[in-house]
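Subject: Handing over the structure

Hi,

Here is the structure I wanted to pass on to you. Have a look at it first, and then read my notes below.

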Amino acid sequence: MKNSLLASSLALAALVSAQGAQAQEACVAPQDLTDTITYAMPIIYDSIRGKCAAQFRASTFMRNDGDAFVDQFRAKQDEAWPGTLRLLKVFMAQRSGSEDQTAALIASLPEESLRPFVDGIVGMVITDKLGADFKPDTCHDVAEAMELIAPLPVENISGLVTFLARQADLDEPKLCTANPSTSAR
């Protein structure tokens, strides 16, 4: 599951329409991607846990410590939502030719109504993506990866994913050049 975490997080971006003047940038601020990783982790976790429930033995990290791990991210979702929303707007501005009726509906919702709608849709998208691409033998790899990063603070985990995306020259959405002094909180 090398790219699943990043891909699943970025699946959030396909759910919101650009709101023209608010999304003028052609790139996403690295901190907004970091916020999106923080925001999306509980959604990703719930989808993976549902897919892997039969694969985890009682002694595994996901069964014993996974909830506590992801609760750290849940506690920071409110703080991460504005950056996530900015990423979604920029991403959709870049993909403006692919808008559909769902995107128009989403764009018409007030921000306070948008968040639960995005959460539900993202959960379905991730679950569908996992259904198509996820193999049961990958579940143990996911648990091992989460166990390895679990001791790190949430900000470091999300920052690490952003760093890896920058190193991979992510272009959808394109990341703005990071100024190291401003990329960390």
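Let's start with E155, which is partly exposed at a relative accessible area of 40%. Here, buried means under 20% relative accessible area, exposed means over 50%, and partly exposed is in between (1.4 Å probe, protein chains only).

Before going on, please note that this is a predicted model: local features need pLDDT of at least 70 and side-chain atom pairs count only at pLDDT 80 or more, while totals for chains, interfaces and linings use all residues. Residues are numbered from 1 along each chain as its sequence is written, and side-chain values use heavy atoms, with hydrogens and water left out.

**Salt bridges**

What is the partner of E155 in a salt bridge? K76 pairs with E155, and their closest N and O atoms are 2.8 Å apart. The two sit in distant parts of the chain, 79 residues apart: K76 is in the loop between α4 and α5 (77-94), and E155 is in helix α9. To count as a salt bridge, a side-chain nitrogen of Lys or Arg must be within 4 Å of a carboxyl oxygen of Asp or Glu. Helices (H or I, at least four residues) are DSSP runs, numbered from the N terminus. As background, side chains of opposite charge can pair when their charged atoms come close.

How many salt bridges does the structure hold? There are seven. One of them joins D46 to R74, with 2.9 Å between the closest N and O atoms. This pair also links distant parts of the chain, with D46 in helix α2 (residues 30-52) and R74 in helix α4 (residues 66-74), 28 residues apart. D46 is partly exposed at 32% relative accessibility, and R74 is partly exposed too, at 31%.

R74 also meets D71 in a salt bridge, at 3.4 Å from N to O. Both D71 and R74 are in helix α4, three residues apart, which is about one turn of the helix. D71 counts as partly exposed, with 40% relative accessibility. These residues belong to a network of salt bridges made up of D46, R49, D67, D71 and R74.

**Disulfides**

The whole structure contains two disulfides, each a pair of cysteine sulfur atoms within 2.5 Å. In general, a disulfide is a covalent bond between the sulfur atoms of two cysteines.

C27 is joined to C176, with 1.9 Å from S to S. C27 lies in the loop between α1 (4-11) and α2, and C176 in the loop between α9 and α10 (180-183), so 149 residues of the chain separate these distant parts. The torsion about this S-S bond is about 95°, so the disulfide is right-handed. Both C27 and C176 are buried.

C52 and C139 form another disulfide, with an S to S distance of 2.0 Å. It connects helix α2, which holds C52, with helix α8, which holds C139, in distant parts of the chain 87 residues apart. Is this link right-handed or left-handed? It is left-handed, with -85° about the S-S bond. C52 is buried at 0% relative accessibility, and C139 is buried at 0% as well. With the bonded cysteines numbered in sequence order, the pairing is 1-4, 2-3.

**Inside the fold**

The largest nonpolar core has 40 residues, and L33, I48, M62, F69, F134 and M146 touch the most other members. Helices α2, α3 (61-64), α4, α5, α7 (111-133), α8 and α9 each supply at least two of its residues. The largest share, ten residues, comes from α2. Such a core is a set of buried Ala, Val, Leu, Ile, Met, Phe, Trp, Tyr and Cys residues joined through side-chain atoms within 4.5 Å.

In α7, the buried residues include L114, V118, I121 and L130. This helix has 23 residues and spans 32 Å from first to last C-alpha. That is close to the expected 33 Å, the expected span being 1.5 Å times one less than the number of residues.

Happy exploring!
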